[in-house]
Amino acid sequence: MTGRGRAQDGTPDGAAQGGFWRRLLALTRKEVRQLLRDRSNLAIGVALPVLLILLFGYGISLDIDNAKVAVVVEDTSPGAADVLSGLQLSTYLTPLPVRSMQEAEALMNAHAVNAILRVPGDFSAALARGDGRLQLIVHGVDAATARVIQGYVGGALAQWGSRQADRQAALRAGSGTAATAAPFGSVRLEPRMWFNAANTSTWYLVPGLIVLIMTLTGAFLTSLVVAREWERGTLEALFVTPVRTTEILLAKMIPYFVVGMLGFAMCLLAAHFLFEVPRLGSLWLLLLASVLYMFVALGVGLLISSATKNQFIASQLALLTGFLPALMLSGFLFDLNNVPLVVRIVGQALPATHFLELLKTLMLAGDVWPIVVKDCLILAGYAVLLLGAAQRVTRKRIA
Amino acid sequence: MTAFLFRLLALIRKELLSVLKDPSSRVILFVPVLMQSMLFGYAATYDLTHAPYALLDESRSPASAQLLAHLDGTGFFRRVATLQSPAEIAPVIDNQRALMVVRIGPRFEQALMGGETAIVQLILDARNSTTANSAAAYTSSVIDAFNTEQLQRRGGAAPPLTLQTRAWFNPNLETRWNFMPALIATLSMLQTLLLTALSVAREREQGTFDQLLVTPLSPTEIMIGKAIPPMLIGLVQSTVVLLVTRFWFGIPMAGSLATLYVGLAAFLLAGVGVGLSISALSANMQQAELYTFVLLMPMMLLSGLTTPVASMPRVLQMATLANPMRYGIDFVRRVYLEGAGLSTVLPDILPLLGIAAVTLPTAAWLFRHRLV
């Protein structure tokens, strides 16, 4: 920070104070015109969020249903059919009867099925001996789907196992033989999903989409605005006028802020009416959070823009620091609980992570004050830091 | 013919210079790829490890202790709190201190001893329902194992039925194996697309494109000259990710390098075609950047990178047929993990060449015919 810069800003007499609003208004009008002149800007700020949320809200889902399983039954006895009956009941699996192992393997290689369940020829005989073995081959490339299939098939067979045990117990009781072991009950798990009664991934993906969309409008639209003026030399022309850096930056923020908040409102409406994502927290807190994040995103864009002074570098940086981390490291898709410590630290350092946590909590869980206060403070801190840095970087170049 | 090659080489040289002469461009094209492939490689996992859980054990019996020993022994969970009363459940979940609360009722042991069904309640924070579901599934498998063991210990028969699971191409079912090969295609595509999209737009904005048009270069030559440098840069980026995948994460490569590079070249050609079309359409860099991002978001999310294409609604599955990223990712996964040969992956390569065959001539035509 140079002394000159401070002196320049530090002489507010009455006339300069009055001039502030006038200059800001004039500059803002210029920025708004510039934004509106290119219709694609407005379309992208407002229409794009709606398009994206529609596309992704319906399009991406981490819920797996109708996974196809080729079933090869080499044993035609009724025992085998009885074991497999549990599979038919599951909505998650679509069993596909196949005649031979070769055929099943060909289907798997062609990605037509996700797994093969094989009932070996001696299955019934082995089962009678208490040593029945079924073979499940999963296509491991899509590891998440493979795990789910493994779980479902295992579950369906376990159900058969417990039915079988009940039957045998009934038989034993019927034949009057004394029970060989003392009765011992079994443990049953009763899971309850809090905050996501519908148990659908859409509910947590939609808040993530809002984060992505606001990052897009905030950081990307602004990442070029200052760099462009540097490249064209018009910023130097602005510097010889009485306007101050703060006023230039404020004027650049205001139109994009409005566009970003319009986009946010669209997203919120879509989340509510189309996807029926609940909003248990207060609307005011939600608005506060989004205003704070909008400042953060604008700060990122302006900082990149004024630091690089080059549109090409600025756009690459916006992609690398804004979009990709928000997609990969914010907890949008991959839960930060599961990642190694270093990655978790990087993730926690991103403003997007905190905004996402805040959105998910406010929409799905309600006003959980410790989280709301913590994340709002973090976002506010980032906003001050980033906007301050943007102002400082721009001012430095004048001196 | 020699004159053609000479002109083309001169243009390619100029394009490479204009991108690589700036030290910050050089850094931004090659360093982030390395960092991202490592960071994202570690981040990309849907598998639970050390998920925090809280315990409310109202039974405090040997039986509940045994069950908990099973749960703690898996490595999936770590206990972060031991609660004293049901009132403490809500705060612990609300504040995200624990992903789940295991609640064992006061009559747990009596119920078991009496031959009844003892219920263990599991309260899960489903703000991320995928994580919650896998936590429930893991816990349920722990309980199944506990039940079987108890039964056997008390003289019951071993379960008559066992399921033997084997996974093809990814023996331990690690998400990273699925994800890293996809990144070989994705990361190079992102920056290449943006690079290409800005290339003509930048010249338009700076006025140098008109100069290029009045040189003896034909639009086709300009198009080829503009297409080759980003492809080369993209191939270098892919190579960086490939090296990280193979040697840092140690994921074995099943297919042949030659096949992989043939496919990557087709993939990048399609990407460059899309990029050049965007570039030819836009009047300035801001427009080019916006159009790129508008395309990139759907391209990435509807590519099968993070969520399987098969889980999408039918209409969107059809839309992915026009998405070069979808073919690129599928192609790299097949070659890298499954060891597919060129003939097997033709259904991926042909559409990519098709996309290139449409977009590149469009771009060349637009160079001259766009009304600025």
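**View 1. Strand β5 of chain A beside strand β4 of chain B.** Strand β5 (residues 187–194) of chain A and strand β4 (residues 118–125) of chain B run parallel and are joined by eight bridges, where two strands are said to pair if DSSP finds at least two bridges between them. Within this pairing, Met193(A) stands opposite Leu124(B) in β4(B). Helices and strands are DSSP runs numbered from the N terminus, a helix being H or I over at least four residues and a strand being E over at least two. The structure is a predicted model, in which local features need pLDDT of at least 70, side-chain atom pairs count only at pLDDT 80 or more, and totals for chains, interfaces and linings use all residues. Residues are numbered from 1 along each chain as its sequence is written, while chains are lettered from A and ligands numbered from 1 in the order in which they are written.

**View 2. The open sheet that ends in β5 of chain A.** This sheet has five strands in the order β5(A)-β4(B)-β3(B)-β1(B)-β2(B), and its pairing is mixed. Its edge strands, each of which pairs on one side only, are β5 of chain A and β2 (77–82) of chain B. On average, neighbouring strands of this sheet are turned by 30 degrees against each other, direction ignored; axes are lines fitted to C-alpha atoms, for helices over the stretch in contact, and angles run from 0 to 180 degrees between N-to-C directions. β1(B) runs parallel to β3(B), with five bridges between them, and Leu55(B) has Val102(B) in β3(B) as its bridge partner. β1(B) also pairs with β2(B) in the parallel sense over five bridges, and there Tyr53(B) stands opposite Arg79(B). Because five of its seven residues are buried, β1(B) is largely enclosed by the rest of the structure; a residue counts as buried if 20 or more other C-beta atoms, placed from the backbone, lie within 10 Å of its own, as exposed if 12 or fewer do, and as partly exposed in between.

**View 3. Helix α3 of chain B and its surroundings.** The twelve residues of helix α3 (residues 62–73) of chain B should span 16 Å at 1.5 Å a residue, and the end C-alpha atoms are 16 Å apart, which agrees; the expected span is 1.5 Å times one less than the number of residues. Ala63(B), Ser64(B) and Leu67(B) are buried in α3(B). These residues cover an arc of only 95 degrees around the axis, which puts them on the same side of α3(B), the arc being that of the directions from the helix axis to the C-beta atoms. The face turned away from the buried side of α3(B) carries the exposed residues Pro62(B), Ala69(B) and Gly73(B). The cover over the buried residues of α3(B) includes β5 of chain A as well as β1 (51–57), β3 (100–104), α5 (108–113) and α6 (129–153) of chain B. Just after α3(B), Gly75(B) takes a positive phi of about 85 degrees.

**View 4. Two helices of chain B across the sheet.** α3(B) lies across β5 of chain A together with β1, β2 and β3 of chain B, and runs at about 130 degrees to β2(B). α6(B) lies across β5 of chain A together with β1, β3 and β4 of chain B, and runs at about 170 degrees to β5(A).

**View 5. The open sheet that ends in β5 of chain B.** Here five strands form an open sheet of mixed pairing, in the order β2(A)-β1(A)-β3(A)-β4(A)-β5(B). The edge strands are β2 (93–98) of chain A and β5 (161–168) of chain B, each pairing on one side only. Strand β4 (residues 132–139) of chain A and β5(B) pair in the parallel sense over eight bridges, with Val138(A) opposite Ala167(B) in β5(B). Trp168(B) also lies in strand β5 of chain B, and counts as partly exposed because 18 C-beta neighbours lie inside 10 Å. Leaving aside neighbours within four places in sequence, Trp168(B) is in contact with Ile137(A), His139(A) and Gly140(A), contact being defined by C-beta atoms, placed from the backbone, that lie within 7 Å.

**View 6. The contact between chains A and B.** The contact takes 94 residues from chain A and 102 residues from chain B. Helix α7 (residues 143–175) of chain A gives the most to the side of chain A that touches chain B, with 13 residues.
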